[in-house]
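Reader: I have a model open and want to learn how to read its features. Where do we start?

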Amino acid sequence: MQEMQDPMESSTVPGTEGYEENAGQLIARYDNVTFLDKYRPVSHLLPTISSAVLDIGAGTGGDAAWLASSGHIVTALEPVAAFRAAGMKAHALANIEWVNDSLPALSTLGARPAKYDLIVVAAVWMHLAAKERIEAMGNISKLLKPGAMLVMSLRHGPAPEGRRIFDVSANETIDLAMRYQLKLMLSTQAPSVQQQNRQAGVSWSWIVFEK
């Protein structure tokens, strides 16, 4: 499916620092991580019937492709142009729409009437500053249907050089989500599925909410 264009340049998006410059190396790493390995802590909660899914920070589209192959209609949001191009080339599926948009504003998606049954924000949240996280949670909550699910993962551990990463706890994220009437379903910890990250001491919080 064709990418929706907007005038935003990926290099100006807060939180994407270090990604465009290292896209070639990162694309190869991302493609080696399977959906089921990464989402194991929350996979039992994911919808089993065809659903409208929004993948925020879709990267090269591996997660979006798995979800699409499972019968879901997926909107893959990615502000880094190199990742979008790689994803569109590798995963040219009719039920994936690629969109150039970003947190915290979600200006493109916010202008649409569409709402989602599932929103995934994996390995993204810790790139946002505190004020950005408040704005982002409000805008995400508006895109969830009643009864819909929000799945988030937070990275803990040393930050790669050149990346904009903040120390964000699961408890802070849960408190913020509850301010927007999101109910906690699950909060758990998991080691990184990437060996070099495990060796560096990286772990992840996985949090699931229901609207």
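Reader: Is Lys-145 buried, partly exposed or exposed?

Author: This is a predicted model, so every value here is computed from predicted coordinates. Buried means under 20% relative accessible area, and exposed means over 50%. Lys-145 has 31% relative accessibility, so this residue counts as partly exposed.

Reader: Which residue forms a salt bridge with Lys-145?

Author: Asp-117 does. The closest N and O atoms of the two are 3.3 Å apart. Asp-117 sits in strand E4 and Lys-145 in strand E5, so the bridge ties together parts 28 residues apart in sequence. Asp-117 counts as partly exposed because its relative accessibility is 27%.

Reader: How far from Lys-145 is Ala-114, in sequence and in space?

Author: The two are 31 residues apart in sequence. C-alpha to C-alpha, the distance is 9.2 Å. Ala-114 belongs to the loop between helix H5 (107-110) and strand E4 (116-122). With 32% relative accessibility, Ala-114 is partly exposed.

Reader: How many salt bridges does a search of the whole structure find?

Author: Six. One of them joins the side chains of Arg-112 and Glu-97, at 2.8 Å from N to O. That pair links distant parts of the chain. Arg-112 is in the loop between H5 and E4, Glu-97 is in strand E3, and 15 residues separate them. Glu-97 is buried, at a relative accessible area of 18%.

Reader: What is the N to O distance in the salt bridge of Arg-133 and Glu-172?

Author: It is 2.9 Å, between their side chains. Here, too, distant parts of the chain are linked. Arg-133 lies in helix H6 and Glu-172 in helix H7 (residues 170-179), 39 residues apart. Arg-133 is buried, with 6% relative accessible area. Glu-172 is partly exposed, at 33% relative accessibility.

Reader: Let us turn to the sheet. In what order do its strands come?

Author: First, the general idea. Strands of a sheet pair through backbone hydrogen bonds, either parallel or antiparallel. In this model, an open sheet of seven strands runs E3-E2-E1-E4-E5-E7-E6, with mixed pairing. From one strand to the next, the twist averages 15°.

Reader: Which strands stand at the edges?

Author: Strand E3 (96-99) and strand E6 (183-191). Each has a single partner strand, so one side of each lacks a neighbour in the sheet.

Reader: In what sense do E2 and E3 pair, parallel or antiparallel?

Author: Parallel, over four bridges. Strand E2 covers residues 73-77. For a point to click on, take Val-74, which stands opposite Ile-96 in E3.

Reader: Which strands does H3 lie across?

Author: Strand E1 (52-56), E2 and E3. H3 runs at about 170° to E2. Now look at helix H6 (residues 130-142), the helix that holds Arg-133. H6 lies across E1, E4 and strand E5 (144-156), at about 145° to E5.

Reader: Which residues are buried in helix H4?

Author: In H4 (residues 81-90), Phe-83, Arg-84, Ala-86 and Gly-87 are buried. Look down the axis of H4. Its buried residues fall within an arc of 165°, so they line one face of the helix.

Reader: Last topic, the rings. How many aromatic pairs does the structure hold?

Author: Three. A pair of aromatic rings is described by the distance of the centres and the angle of the planes. Phe-35 and Tyr-39 are stacked, at 4.1 Å centre to centre with 10° between the planes. Phe-35 is buried, at 5% relative accessible area. Tyr-39 is buried as well, at 1%.

Reader: How are the rings of Phe-35 and Trp-66 arranged?

Author: Their centres are 4.1 Å apart and their planes stand at 5°, so this pair is stacked. Phe-35 is in helix H2 (residues 35-38) and Trp-66 in helix H3 (residues 62-69), so the pair ties together parts 31 residues apart in sequence. Trp-66 is partly exposed, at 31% relative accessible area.

Reader: Which residues do the ring pairs link into a cluster?

Author: Phe-35, Tyr-39, Trp-66 and Trp-206.

Methods: Residues numbered from 1 in each chain as written. Predicted model: local features only at pLDDT ≥ 70, side-chain atom pairs only at ≥ 80, totals over all residues. Heavy atoms only, no water. Helix = DSSP H or I, 4+ residues; strand = E, 2+ residues; numbered from the N terminus. Buried < 20%, exposed > 50% of the residue type's maximum accessible area, 1.4 Å probe, protein only. Phe/Tyr/Trp six-rings, centres within 6.5 Å; stacked < 30°, edge-to-face > 60°. Pairing = 2+ DSSP bridges. Axes fitted to C-alpha atoms, helices over the stretch in contact; angles between N-to-C directions. Contact = heavy atoms within 4.5 Å. Arc of directions from axis to C-beta. Salt bridge = Lys/Arg side-chain N within 4 Å of Asp/Glu carboxyl O.
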